[in-house]
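Q: Please take a close look at one part of this model and describe how its pieces meet. Related contacts elsewhere can follow, for context.

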Amino acid sequence: MLPIIFILPLLQLVILSNAATFEVKNIKFGYIDNDRSATSRALIEKFGASTYFNVLQAYPTQIRAGAAMLRGEVDVVMEIPQQFARDLQTEQHHTLGVTINAIDGAAAGVENVYISQIVQSYNQSIIIDLSQISDAQIQPVMIETIPLFWYNETLNYKTFMVPGILVLLVTMITLFLSGMNIVREKEIGTLEQINVTPIKKSQFIIGKLFPFWAIGMALLSIGLIIAKLIFNIPMLGSLLLLYLYTSIYILVVLGIGLFISNFTDTQQQAMFIAWFFMVIFILMSGLFTPIESMPKWAQLMTEFNPIKYYVEVMRMVMLKGSGFLDILPQLIKTLVYAILMNGLAVWSYKKTT
Amino acid sequence: MGISVTNISKSYKNAKALQDISFEVKPNELFGIIGPDGAGKTTLFRILTTLLFPDQGTATVAGFDVVKDYKKIRNSVGYMPGKFSLYHDLTVEENLNFFATIFGTTIEENYNLIKDIYIQIEPFKDRRAGKLSGGMKQKLALSCALIHKPKVLFLDEPTTGVDPVSRKEFWEMLKRLQQKGITILVSTPYMDEAALCDRVALIQDGKILQIDTPEAIVKHYPTSLYNVRSTNMYQLITSLKTYEHHHSVYPFGEFVHYTDTRSDFNPEDLKVYLESKTLSDIQIERTEATIEDSFMELST
């Protein structure tokens, strides 16, 4: 059992960190060039030069392009209207039709941003081209933004995904193990034998939970080593602080697991309930979707999500180098949560049936 | 310092598991609870070992109330549940050590109490408990229940599913433990084991039918009992059941136990009747009643 507990999560860490990316690459790009001018070809070449787009082919009509998208052959279709080059010359502005396959909404959003960026940069280059001829005296006012990505300069998604996935693994393993554990003793009958002994509730529960606490800490250690060696994740903050927070955090998870254990009779029931909470916790943790974009009530719910705090702390300490005072709010909330959950768990555990 | 049970009742949702049960177990007595499956034996044990609260009534074990002084009871009783409840993935020695530690004692301290039993499984002390045979599991469970030198020992169907030789050995062990001053309450569905107890309570459907020594129960058997035998067992039983004066008919080993409603019953009359039913090799003879006969008589 012990090798399974360690090997599988770490495999997950390596696989997921490499696979769970928000970057959208190899976008299948098609176009309908009704203009067939040098200007329109230059625009299409811009897309071809981008590493994100694979310029596949030209479609003669909108209908053919629509059919291709239906078959999944193309993700983005750009339609360049007739007289594109000429109208640009005379009217100084024009519109382009872009159709994006939005079956995957998140990917569609990203694709839209990429397209806008390319069109914008093309725009700047042609402004210079066009203005040379007619109105050289008018200097166009240009506002350019130069973003700096602090704490993750190259916007490397692994830098923020690896700490997050590590959080999930530590949480999942400790929650499932602790949730399953006392129920298992109920199932095989050893709990009945234990209950007639003078052992105290607190002794029994500490004895039950301490091994999982230790496993959780060991998982974190191995996960951090992998994060450093394989993914070269920056670790700016104090590891000691990270361990301090994790040691309290695991208590919360164990408390929840024990609480589940007390209210179920079979491992199957416990597994189901543990999954229920796990899925909600993960999807509302801010790991995959930002909490700020959730509706108000959902944001309120995330206040009760321990994974949210852990993801925050993990990223803050590792990527930003936050100190003790910076994570104090999360630390206090987690501590209160830990006391609450374990108090409930001990209270609800009865030595009689 | 034995066990005293007064008017205990317990129901689960619709089923009445125990109805107004009262009995006394004297200190240092080997007391048997004899009854079929579902009679309420395990419920009674769970109440006495403080795992379950009774709906009504009071009970004391070793002088402690099962509700108020449950902590003291847990220190001074040994309980061996009907289902093997030790840790399968610990070895024999680890299990024993574990339970000794929980009770704040050591194996060495009470070794003389369990020596007779433990010595038989000691060669396998490094084997995992889950890998032991049924008889060895039971000896280990008994050792673990005894490791803290309990005053009262509860054994819930200890011999169910155990072979006859091991069963006999087990009862000999119980007798020896009794001599060491331990009060033992044992339940069993096997009627033949009842004779080995000092006193027994016959229990069915949550009610006590009779409490007495095994000898007295047998002596109080109300009518004359006959062994009837023939070549065709099935036909014999159906024929006896259609006989107009029959009181009870049930198979008992190679015989059929038969009682008659008439006080002046003449076996010859029955023989004539059975021969008229084309049965051959008919034997009818008086026999002494056993606990099982008494139970059958009481429960009908």
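Which domains does the domain assignment of chain B give?

A: This is a predicted model. The domain assignment of chain B gives two entries: domain 1, covering 3–219, and domain 2, covering 225–299. Taken over C-alpha atoms, the centres of domain 1 and domain 2 of chain B are separated by 37 Å. The two domains of chain B do touch: eight residues of domain 2 are in contact with eleven residues of domain 1.

On the domain 1 side of this contact in chain B, at least two residues each are supplied by β9 (199–204), β10 (207–212) and α7 (214–219). The largest share of that side comes from α7(B), which gives three residues. By class, the side of domain 1 of chain B that touches domain 2 has nine nonpolar and two polar residues, and no charged residues.

Chain B also meets chain A. That contact takes 17 residues from chain B and twelve residues from chain A. On the chain B side, helix α2 (residues 70–76) of chain B gives the most, with three residues. The residues on this side of chain B divide into nine nonpolar, five polar and three charged.

Helix α1 (residues 2–19) of chain A packs against helix α8 (residues 201–229) of chain A at an angle of about 35°, and their axes are 11 Å apart. The crossing of α1(A) and α8(A) is right-handed. From α1(A), the contact is made by A:Ile5, A:Phe6, A:Pro9, A:Leu10, A:Leu13 and A:Val14, and from α8(A) by A:Ile215, A:Leu219, A:Ile222, A:Gly223 and A:Ile226. Ten residues of this contact between α1(A) and α8(A) are nonpolar, one is polar and none is charged.

Chain A also holds a strand pairing. Strand β1 (residues 27–33) of chain A and strand β2 (residues 53–58) of chain A pair in the parallel sense, over five bridges. In this pairing A:Lys28 stands opposite A:Asn54 of β2(A). Together with helix α2 (residues 38–49) of chain A, the strands β1(A) and β2(A) make a right-handed β-α-β unit.

To return to the part asked about, the contact between domain 1 and domain 2 of chain B involves eleven residues of domain 1 and eight residues of domain 2, with the domain centres 37 Å apart over C-alpha atoms.

Methods. Residues numbered from 1 in each chain as written. Chains lettered and ligands numbered in written order. Predicted model: local features only at pLDDT ≥ 70, side-chain atom pairs only at ≥ 80, totals over all residues. Axes fitted to C-alpha atoms, helices over the stretch in contact; angles between N-to-C directions. Helix = DSSP H or I, 4+ residues; strand = E, 2+ residues; numbered from the N terminus. Left-handed = near helix turned anticlockwise from the far one by under 90°. Contact = placed C-beta atoms within 7 Å. Nonpolar A, V, L, I, M, F, W, Y, C, P; charged D, E, K, R; others polar. Pairing = 2+ DSSP bridges. Right-handed = clockwise from strand over helix to strand, strands pointing away. Domains from an automatic or database assignment.
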